[in-house]
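Here's a quick briefing to read with the model open.

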Amino acid sequence: MTNRTYREVHLAARPKGPVTDDLFEIVEVPLPEPGPGQVLVRTTHMGVAAVMRTLMDETSVVPMPSYEIGAPLHGAAVGEVVAAPGSDLRPGDLVEHRLGWREYALLDAAQVQRLDPDLLPDPAAYLSQGPTALMGIARGAEVRPGDTVFVTGAAGGVGSLAGQIARQFGAARVIGSTGSQQKADRLVEEFGYDAAVIRGAGPIEEQLRRAAPEGIDAVFDNVGGEQLQAALALANKGARVAIVGALASQLSEGGPALTSFDTLSLLAHGITLRGVALYDNLDLIPEWNRRFAEGLRDGSLTFPHSRLHGIEQAPRALRELTEGRHLGAVIVEL
């Protein structure tokens with residue numbers, strides 16, 4: 001085993017703007033031999049997410065370690081155990097870990113989570129961003145039967161599931177925002193949305209007023225900026241706003257994208273703004289997996305995603321995700 005090699009994706013340089021392929025380097029390294037209490041995993045699938053662009057910067061406000069130049073990136077991944085001496089894990093076990101961006105990962109046994117191979121029909125489904133979507137709908141925006149719900153960034157890995165979950169929670173009308181007419185059409189035709197507003201197709205607030213003539217009761221915000229401002233302008237009395245992401249800042253080339261709003265209006269309407277993060281709601285992950293399994297089997301949920309093949313496609317996957325080229329989650333199958 002020690003004479004074999006595998007490939008990792010290393011960060012070659014810090015970005016000064018958008019993600020470009022030359023920021024990454026594919027490196028061939030020796031395959032390690034696991035010691036007692038360690039697990040060697042052959043990674044089969046890895047997910048990419050917008051937060052990875054933020055982690056490419058030297059510092060960020062995200063409570064996760066930034067990537068280091070000359071070292072492999074990291075992120076959620078699923079794979080099969082190759083060897084685990086002194087552990088209750090067995091070769092062939094399906095597991096999840098946080099050392100994606102490499103074909104093999106050497107981890108302490110405590111860093112590996114065994115998965116049920118029969119629960120979800122596709123191992124890649126364990127890499128959905130459904131736990132975040134469920135968190136924002138259930139605990140952030142507290143969606144209730146009869147609500148009109150607005151999801152910003154609705155075509156991403158989180159938003160494409162958030163609309164479906166809002167419908168399960170009894171939302172009467174679900175509106176999403178996205179960046180193209182093609183994605184808007186798919187949101188309505190395939191993913192449970194009643195209407196969509198399109199970034200760049202005119203003022204968001206004007207589009208949103210047409211889509212939600214009776215106002216908005218719950219907001220699932222992935223973006224911030226103009227889209228959050230528009231949502232607050234149309235928020236009904238007692239509206240709940242979940243701040244789940246900040247894509248306007250994460251993908252901005254000119255620094256943080258600030259959002260202005262009238263605090264007196266929030267006070268007068270009793271509007272709640274709540275920032276929610278998955279690391280404070282990890283108990284939702286097994287609940288989501290059960291809900292997702294049931295929904296995939298009975299057809300009430302789908303898993304919108306794009307799948308690229310080969311670790312050499314991982315830099316392209318992240319670049320295309322940040323460029324808005326995909327709908328749903330972006331998965332690399334190794």
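Start with the contact between two helices: I204, E205, L208 and R209 in α5 meet E226, Q227, A230, A231 and A233 in α6. By type, the residues of that contact split into 5 nonpolar, 1 polar and 3 charged. Keep in mind that this is a predicted model.

**How the helices cross**

- Helix α5 covers residues 204-211 and helix α6 covers residues 225-233; their axes come within 9 Å.
- As for handedness, α5 passes α6 in a right-handed crossing.

- Most residues other than glycine have a negative phi.
- W101 isn't a glycine, yet its phi is positive, at about 70°.
- You'll find W101 in the loop between β5 (94-97) and β6 (104-108).
- Is W101 buried or exposed? Its relative accessibility is 0%, so W101 counts as buried.
- E142 isn't a glycine either, and its phi is also positive, at about 45°.
- E142 sits in the loop that runs between α2 (130-140) and β8 (148-151).
- With 28% relative accessibility, E142 counts as partly exposed, because that value falls between the 20% and 50% cut-offs.

Methods:
Residues numbered from 1 in each chain as written. Predicted model: local features only at pLDDT ≥ 70, side-chain atom pairs only at ≥ 80, totals over all residues. Heavy atoms only, no water. Axes fitted to C-alpha atoms, helices over the stretch in contact; angles between N-to-C directions. Helix = DSSP H or I, 4+ residues; strand = E, 2+ residues; numbered from the N terminus. Left-handed = near helix turned anticlockwise from the far one by under 90°. Contact = heavy atoms within 4.5 Å. Nonpolar A, V, L, I, M, F, W, Y, C, P; charged D, E, K, R; others polar. Buried < 20%, exposed > 50% of the residue type's maximum accessible area, 1.4 Å probe, protein only.
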